[in-house]
Amino acid sequence: MSEVAVEKVEIEKAPKEPLFSTKNKKLITDPLNENNPITIQVLGICSALAITVQVKQAVFMSLSVLVVLMAGNWIISALRNLIPNRIRIIVQLVVVATLVTLVDLALKAYVPDVSEKLSVFVGLIITNCIIMGRFEAFAMGNRKWPSVLDALGNGLGYAWILIAVAVVREVFGSGKFWGFQLIPDSWMMANGGFYMNNNLMILPPMALITVGVIIWIQRARNTNLIES
Amino acid sequence: MAINKEGSAYTFGFAALMVIITGASLALVSLGLSSNIKKNEADKKMMDILSSINVESERTNAAQIFNSVVKERILLDADGTVIRTMNTDVDPANLEDPFNVDVQKDYKQKISKLVQANKNDKPVLLEKVSEQDVQYPLFRCEKEGETYYVVPMVGTGLWGPVWGYIAMKDDLKTVYGASFDHKTETPGLGAEIKEDFFEKQFTGKSIYEDGQYVSVSVVKAGKAGDSEYAVDGITGGTITSTGVSEMIYRTLAIYDNYFKTQRAS
Amino acid sequence: MEAVNIFIKGIFVENMIFAYFLGMCSYLAVSKTVKTAVGLGAAVIFVLGITVPINYLLENYVLKEGALTWLGAEYASIDLSFLSFILFIAVIASMVQLVEMVVERFSPALYGALGIFLPLIAVNCSILGGALFMQERQYASIGDATSFGLGSGVGWFLAIVAIAAIREKLQYSNVPAPLKGLGITFILTGLMGMAFMAFMGIEL
């Protein structure tokens, strides 16, 4: 296990602190900005590119990731003293894959309508490196409660970037927001108007560029984050 | 603890235990829920077939509406010869029922390889597909005095299978409606094939040009224009769109053998 | 001949990074210098080259419905495909763990530089993507599947080395301070992706 990878929070030695101590609060707030999983830790990019064409999909994906990440972090943290170091990656992946598959099967049997909406995300969630990344960097070395908080913070940090990119792409790419038409049809060039949707926005390269611009804005506001 | 956590014995033991627990729990859950899942899938299939002829239904009443609208379930072979027909209520347990022919399974096992190998040569592909031992279900529906024929089809998208139903009008040349679905296409891109704006484009298209079978192609978004034989694909979902186009061409070409004899009579 | 076509296609037309945008996390994070990029790229080629054929065998002799026929006719109707995700992932994870141990043993410097991103190859979407594409495309033989795996790996290698070389040169450019590092890399990758779209639609 490399030293760079693990952020051991010194929480192990102080077991009797309040549930929402300053340290624990930081676990939630840090990933929202200064330690954002997408723009700083560079985790979970693939999904950020694939499903940010529409806001609705981005919200669904964020919620699913949030739930899986919290459950997974809790389980891994509970098992952390039992998992042999040599096969820890396999164990982590099997935990998340099993969890997601079980939930998917249950949804299919009892709430098929929800399952139809979510099942396409199943594969995306399992391979989302944000989940493995947090298992490896946090849950493997920390207690259960901080791990759940860390998952919550990172899930939210992931969500806001995803949704921000999705808003930009949906509004400029298809002239819609949450599926509702923002640009009236009569403005469209095809109907003799002056406006045209930017089809480039729908293609994956523009997602990369949008995230790039978000990073630019974020680091211009918080100069501590600038890389030397 | 006395156990050496890094020892090989512990590692193997842990791995074995993990495999047993996860394997068993997955198998149990999958087995235990399979009857529920199967019923939900059958309901969904009925809803999709009904939606291709613009009949709205919900899970609770899908079977009831289906049995009243679908007058005849026909099973064909690749040459268009009728193997058998059924007009009783659908029985999910009866494997003879054309409704229960698993077109997705047939596609996966017998046809998808041929499609991959011959994707640049349509005549050869069609010839090879029609040589396969596959049965083709067809649904004859009646709605407001009109007769429609619903054709189920399966193809390959970017990540997994895509499938759908195309309803033909009584003349067996004009498309009345379509409904598509997919397993794992990218949300917001390829997954859009199941949205109304894509499916609605098919209404009124023709699969015949000057007496020749041409199918309805899915072309690059914005390129279809007023064509009677093409619809706009999904921007950013090129591979899914191409998959849908291939699926329609291949499937309707086979059913056309039956349509030809029907039109002649 | 088919195998060569699949290989070339994997590198250019269906490049994992520029055409499908898979495996981005490690691509963006570990492309600061050409040296580490070469190391990670080689690891990805290796892992893809090994896991795709193994998963191909699993798919065709264990998972697919009817795949177990070799055990006897009574197994012909068993369909284990609900296990495919977990098995693919397990194969990938064990290969990655193997690579991790080898790298740690023979190149501690590279091991340090790759940090958390070495274990993360396991969730590098391009690797699972490789397995899923293989399952979907139904390659005719294990040779074709292997050349697909290797081709995709080489494509990924090429992409990460290219961006690393650009980033090394970029140090002498006058990039606005907040865009330095990650920001400009995102934008560059976007531009390179647009350029690679020129390969789309080439039939091989």
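Tutor: Two strands pair if DSSP finds at least two bridges between them. Strands themselves are DSSP runs of E, at least two residues long, and helices are runs of H or I, at least four long; both are numbered from the N terminus. This is a predicted model, in which local features need pLDDT of at least 70, side-chain atom pairs count only at pLDDT 80 or more, and totals for chains, interfaces and linings use all residues. Residues are numbered from 1 along each chain as its sequence is written, and chains are lettered from A and ligands numbered from 1 in the order in which they are written.

The part to look at is strand 4 of chain B, residues 146-156. Of its 11 residues, 9 are buried. Buried means that 20 or more other C-beta atoms lie within 10 Å of the residue's own; exposed means 12 or fewer, partly exposed in between, with C-beta atoms placed from the backbone.

Take the partner before it. Strand 3 of chain B, residues 136-143, runs antiparallel to strand 4 of chain B, and 5 bridges join them. R140(B) has Y149(B) as its bridge partner in strand 4 of chain B. The two strands form a hairpin with 2 residues between them. There E144(B) takes a positive phi near 50°.

Now the partner after it. Strand 5 of chain B, residues 161-168, also pairs with strand 4 of chain B in the antiparallel sense, over 8 bridges. Here G155(B) stands opposite V162(B) of strand 5. This hairpin has 4 residues between its strands.
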